[in-house]
Amino acid sequence: MQVHLRLILVSGKTQDFTFSPNDSATDIAKHVFDNWPAGWEEERVSSPSILRLIFQGRFLHGNVTLGALKLPPGRTTVMHLVARETLPEPNSHGQRNREKTTESNCCLLFSCSQN
């Protein structure tokens, strides 16, 4: 059984890839780096070690396999691919939610248009 992934860059460019359920996030990053799509040249990175996958709003750590995610067979699953040096600890988000704090976790997004 093959796993079909559609990877999306921050720029919005997409590319479809096929992997084995045994492939890990690290394996995927290396494969994409080694087979960098022609249309992604502007986004090319210097090393596969900084490529990170985001699935359902969470970073996938290097050793997690596609099979462990229980992706639906026969369907294309969409993931984001970003360049980032480090990742948050796997449980850091849960820890932050349990701590009482007045800190805001808000993020504002806006765009500026040029006329």
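## Aromatic pairs

Three aromatic pairs occur in the structure, which is a predicted model.

Trp36 has a relative accessibility of 10%, and because the limit for a buried residue is 20%, Trp36 counts as buried. Through ring pairs, Phe17, Phe19, Trp36 and Trp40 are linked into a cluster. A further arrangement involves a charged residue: Arg44 lies over the face of Phe33, 5.2 Å from the ring centre.

## Chain architecture

The protein chain contains two helices and five strands. Read from the N terminus, these elements follow the order β-β-α-β-β-β-α.

Of the 115 residues in the protein chain, 27% are buried. The accessible surface of the chain amounts to about 8,400 Å², and carbon and sulfur atoms account for 49% of that surface. Among contacts with a separation of 6 or more, 58% are between residues 24 or more positions apart.

In soluble globular proteins, nonpolar side chains tend to be buried together. The largest nonpolar core of this model has 23 residues, and the members touching the most other members are Leu5, Leu7, Val32 and Met79. At least two residues of this core come from each of strand S1 (3–8), strand S2 (14–19), helix H1 (25–34), strand S3 (51–55) and strand S5 (76–83). With five residues, H1 gives the most to this core.

Leaving aside residues up to four places away in sequence, Met79 touches Leu5, Arg6, Leu7, Ile8, Leu53, Ile54, Phe55, Leu60, Leu66, Leu69 and Leu71.

## The buried side of H1

Within H1, the buried residues are Ala25, Ile28, Ala29, Val32 and Phe33. These residues cover an arc of only 130 degrees around the axis, and therefore lie on the same side of H1. An α-helix has 3.6 residues a turn, so residues three or four places apart point the same way.

Which strands are included in what covers the buried residues of H1? The cover includes S1, S2, S3, strand S4 (58–60) and S5. Val32, buried in H1, is also one of the core residues that touch the most other members.

## Leu66 in the loop between S4 and S5

Leu66 is located in the loop between S4 and S5. Is Leu66 buried or exposed? Its relative accessible area is 2%, so Leu66 is buried.

Leu66 touches Val3, Leu5, Phe19, Ser20, Pro21, Asp23, Ile28, Leu71 and Met79, when residues up to four places away in sequence are not counted. Another partner, Phe19, takes part in the cluster linked by ring pairs. Two further partners, Leu5 and Met79, are among the core residues that touch the most other members, and Ile28 is one of the buried residues of H1.

Key. Residues numbered from 1 in each chain as written. Predicted model: local features only at pLDDT ≥ 70, side-chain atom pairs only at ≥ 80, totals over all residues. Heavy atoms only, no water. Core = buried A, V, L, I, M, F, W, Y, C linked by side-chain atoms within 4.5 Å. Buried < 20%, exposed > 50% of the residue type's maximum accessible area, 1.4 Å probe, protein only. Helix = DSSP H or I, 4+ residues; strand = E, 2+ residues; numbered from the N terminus. Contact = heavy atoms within 4.5 Å. Areas by Shrake-Rupley, 256 points an atom, 1.4 Å probe, with all protein chains shown as cover. Phe/Tyr/Trp six-rings, centres within 6.5 Å; stacked < 30°, edge-to-face > 60°. Lys NZ or Arg CZ within 6 Å of the ring centre and 35° of its normal. Arc of directions from axis to C-beta.
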